[in-house]
Amino acid sequence: DIIPQPLLDQYLSMTDPARAQTVDTEIAKHCAYSLPGVALTLGRQNWHCLKDTYETLASDVQWKVRRTLAFSIHELAVILGDQLTAADLVPIFNGFLKDLDEVRIGVLKHLYDFLKLLHADKRREYLYQLQEFVVTDNSRNWRFRYELAEQLILILELYNPNDVYDYLRHIALTLCSDKVSEVRWISFKLVVAILQKFYANSANGLGLNFINELVVRFRHCSKWVGRQAFAFICQVGMFSLCFDVYI
């Protein structure tokens, strides 16, 4: 009753490999690009009409098709709601996390937007997987690590101080020693954001431990780049305030 059935059938047939050979080699990509709009039009109550098509596109041999879906999976999660997202999108999201960097960047750019839609227990399962984003197919792809640091600054609010200390702290320290200055600079902001997280939640012990680790790792580093990193962390702001509070 929402759209004519022949029109929907025509759209669903865009995943047919035969059409890619005879009509347009990128027809599956066009289908993937339009899918959130079609899902919004049909509504979550009619998701069953699109589920098989979405799964077919998510396993398409062309990485451009999977990349398109990866960039929009957070929008689809908003349309479907938490229950359908947990049942039908999370498995596909997990597959994208292990895909090529060209696909992974799609979920990384909107990682916060997707994780905040999940229940706390499901969201916590991704804590360990976040460190996998530090490793890329091409080490020269520094923008990937830069994006990770930016997303982690947002993601801090989704986890409690203990989880931040146990999992996200290690990633931040790794990024602070990155070979690319742009990555290091955004990582210094991440470090300050972590300290602010501890301070705002009265986790003074965790904050003091983290500060001591920063002092040992960077302030007393034998290399000048490490000592410079400590100076930049102080420069970013709020670090001095946090330090005074903890001591």
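Q: What makes about 1300 Å² the buried area between domain 1 and domain 2?
A: Buried area is the accessible area (1.4 Å probe) that two parts lose on being put together, summed over both. Domain 1 and domain 2 bury about 1300 Å² between them, and 65% of this lies on carbon and sulfur atoms. On the side of domain 1, Asp101, Leu108 and Tyr112 lose the most area to domain 2, together 48% of what that side buries. The model is predicted: local features need pLDDT of at least 70 and side-chain atom pairs pLDDT 80 or more, while totals for chains, interfaces and linings use all residues. Residues are numbered from 1 along each chain as its sequence is written, and side-chain values use heavy atoms, without hydrogens and water.

Q: Why is the pair Lys109 and Glu147 called a salt bridge?
A: The term requires a side-chain nitrogen of Lys or Arg within 4 Å of a carboxyl oxygen of Asp or Glu. The closest N and O atoms of Lys109 and Glu147 are 3.2 Å apart, so the pair qualifies. The count between domain 1 and domain 2 is one salt bridge.

Q: Which helices supply at least two residues each of the side of domain 1 that touches domain 2?
A: They are helix 6 (101-109) and helix 7 (111-115), helices being DSSP runs of H or I with at least four residues, numbered from the N terminus. Helix 6 gives the most to this side, with six residues.
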